[in-house]
Amino acid sequence: MTLSRRKAIALVGGGLILVAGGATGYRVTRRPQTALKPWELAGTYVEPRQKALSFALLSPNPHNLQPWLVDLSEPDTVVLYANPEKLLPETDPMSRQITIGLGAFLEVMRMAAAHDGYRVDFEYFPDGSSTQMLDARPIARAVFVKDPDQSPDPLFGHVLARRSNKEPYDTSRPVAAETVDILKAASAEISFGSTLDAEDITYFREMTAEALFVELKTPRTHMESVDVFRIGHREVDASPDGIDLSGPMFEGLKLAGMFNRAQAADPNSMAYQGGLDMVASYCATAMGYVWLTTEGNTRIDQLNAGRNWVRVNLAATGLGLGIHPLSQALQEYPEMAAHYQDIHARLAPEGGTVQMFGRIGYGPDLPPSPHWTLEHKIVAS
């Protein structure tokens, strides 16, 4: 029997690991003064799976929803599920982006295990999968095997420093072609594309802003983001997932009564217009673009895209390069159809699916994200 998720599985939000169900699961709790504990505690656990998962929960994922749910009831095994409460039915109606995030999670888990001399044998979608939204069936079954021939992955050294840099980039600092070649080498298992061409940059700066405007100006897709806004540190503490809007600016606006969810959703408000201006400003500072394409669009293609996307992110981190996913034009809902067709015509003219697209550039150093969660599906023995 599966115990109550909210009462017995535990929401993980950084902090100290507490045993919540014997060997089958654990809980991580978080206090405001220990906001960065996930980074401090990563790798400090003795049990190999818990140790690997403590790094995996730092993986990039859509809207920072952290949609992973794992079952540790079988020895030496992690069974990964998608949390059905953490899907994005409006902007990600086929769960493609969520699946990509789960692929990133699996790759970081694999790298962490390899660092300790474990091979991870994966079986993807052991019970099959839906071509529509993800359902209750497992995403992957991963078996940890001690292997003396297992060698560490050099990219693993950048896991604790990796961030999705969503700040404006320095337009006076170009990105060198040799730098992009290193990103390409990190994604050897999937088709990697890039451009540093001035005309392309001009075009995609405008296109990515337009695609973001479509999402923000379509009420139901915009509300999907607004609903997971965490405005100020108290909300971040209370709900350690979603879109973090903390820091001095947002704290000040909230205290002044100038920013809340209702204002963010109101097209006539200053807060809403400020959001449009903000996304336009960072789109306008892209200094190049990278993308990943697969021949098909199966669930395994999507997992592989996630595994390779996080590798590109880690390589960028090692180079001091910012990378920011701007995949709105890849979303599969009707209002985005024109942009979807346009970006595929440009980047995959001979067919295939563009799975991820992002801007690159040099920007400010970022502090660690203040909250991460991991949920464990604890199964009674």
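# Figure legends: close-up views

**What does His222 touch?** Leaving aside residues up to four places away in sequence, His222 touches Glu215, Leu216, Ala264, Ala265 and Tyr272 (contact means heavy atoms within 4.5 Å). You are looking at a predicted model, where local features need pLDDT of at least 70 and side-chain atom pairs count only at pLDDT 80 or more, while totals for chains, interfaces and linings use all residues. Residues are numbered from 1 along each chain as its sequence is written, and side-chain values use heavy atoms, with hydrogens and water left out. His222 sits in helix α7, residues 219–226. Helices (H or I, at least four residues) and strands (E, at least two) are DSSP runs, numbered from the N terminus. With 7% relative accessibility, His222 counts as buried. Here, buried means under 20% relative accessible area, exposed means over 50%, and partly exposed is in between (1.4 Å probe, protein chains only).

**The whole chain, before we zoom in again.** The protein chain has 13 helices and 13 strands. Of its 381 residues, 54% are buried. Take the contacts with a separation of 6 or more: 75% of them are between residues 24 or more positions apart. The chain exposes about 16,300 Å², and carbon and sulfur atoms supply 55% of that. Those areas come from the Shrake-Rupley method with a 1.4 Å probe; for residues, only the protein chains shown count as cover.

**An open sheet of four strands.** Follow the strands in the order β7-β10-β12-β11, and you'll find antiparallel pairing (two strands pair if DSSP finds at least two bridges between them). β7 (191–195) and β11 (322–325) are the edge strands, each with a single partner, so one side of each has no neighbour in the sheet. On average, and ignoring direction, neighbouring strands here are turned by 25° against each other. Now look at β11 and β12 (residues 353–361): they run antiparallel and are joined by four bridges. Gly322 is opposite Gly361 in β12.

**Helices packed on that sheet.** Helix α12 (residues 299–318) packs on the sheet and touches β7, β10, β11 and β12. The direction of α12 makes about 10° with that of β12. Axes are lines fitted to C-alpha atoms, for helices over the stretch in contact, and angles run from 0 to 180 degrees between N-to-C directions. Helix α5 (residues 177–186) lies across β7, β10 (289–294) and β12, at about 165° to β7.

**Which residues of α5 are buried?** They are Thr179, Val180, Leu183 and Ala186. Down the axis of α5, these buried residues fall within an arc of 105°, so they line one face of the helix (the arc is that of the directions from the helix axis to the C-beta atoms). A handy rule: an α-helix has 3.6 residues a turn, so residues three or four places apart point the same way. The cover over the buried residues of α5 includes β7, β10, α12 and β12.

**An enclosed strand, β4.** Strand β4 (residues 77–82) has six of its six residues buried, so the rest of the structure largely encloses it. Thr77, Val79 and Tyr81 point one way from β4, while Val78, Leu80 and Ala82 point the other way. Strand β3 (residues 68–71) runs antiparallel to β4, with four bridges between them, and Trp68 has Ala82 as its bridge partner. Four bridges also join β4 to the antiparallel strand β6 (residues 140–146), where Val143 stands opposite Thr77.

**Two residues with positive phi: Gln66 and Asp76.** Gln66 isn't a glycine, yet its phi is positive, about 50°. You'll find Gln66 in the loop between α3 (48–56) and β3, and at 1% relative accessibility Gln66 counts as buried. Asp76 has a phi near 60° and belongs to the hairpin of β3 and β4, with five residues between the strands. At 47% relative accessibility, Asp76 counts as partly exposed.

**An aromatic cluster.** Tyr203, Phe204, Tyr289, Trp291 and Phe357 make up one cluster. The whole structure has 11 aromatic pairs. Rings of Phe, Tyr and Trp (its six-membered ring) pair if their centres lie within 6.5 Å; planes under 30 degrees apart count as stacked, over 60 as edge-to-face and the rest as tilted. The ring centres of Phe204 and Tyr289 are 5.4 Å apart and their planes are at 55°, so this pair is tilted. Phe204 is in helix α6 (residues 198–217) and Tyr289 is in strand β10, 85 residues apart. Phe204 is buried at 3% relative accessibility, and Tyr289 is buried at 0%.
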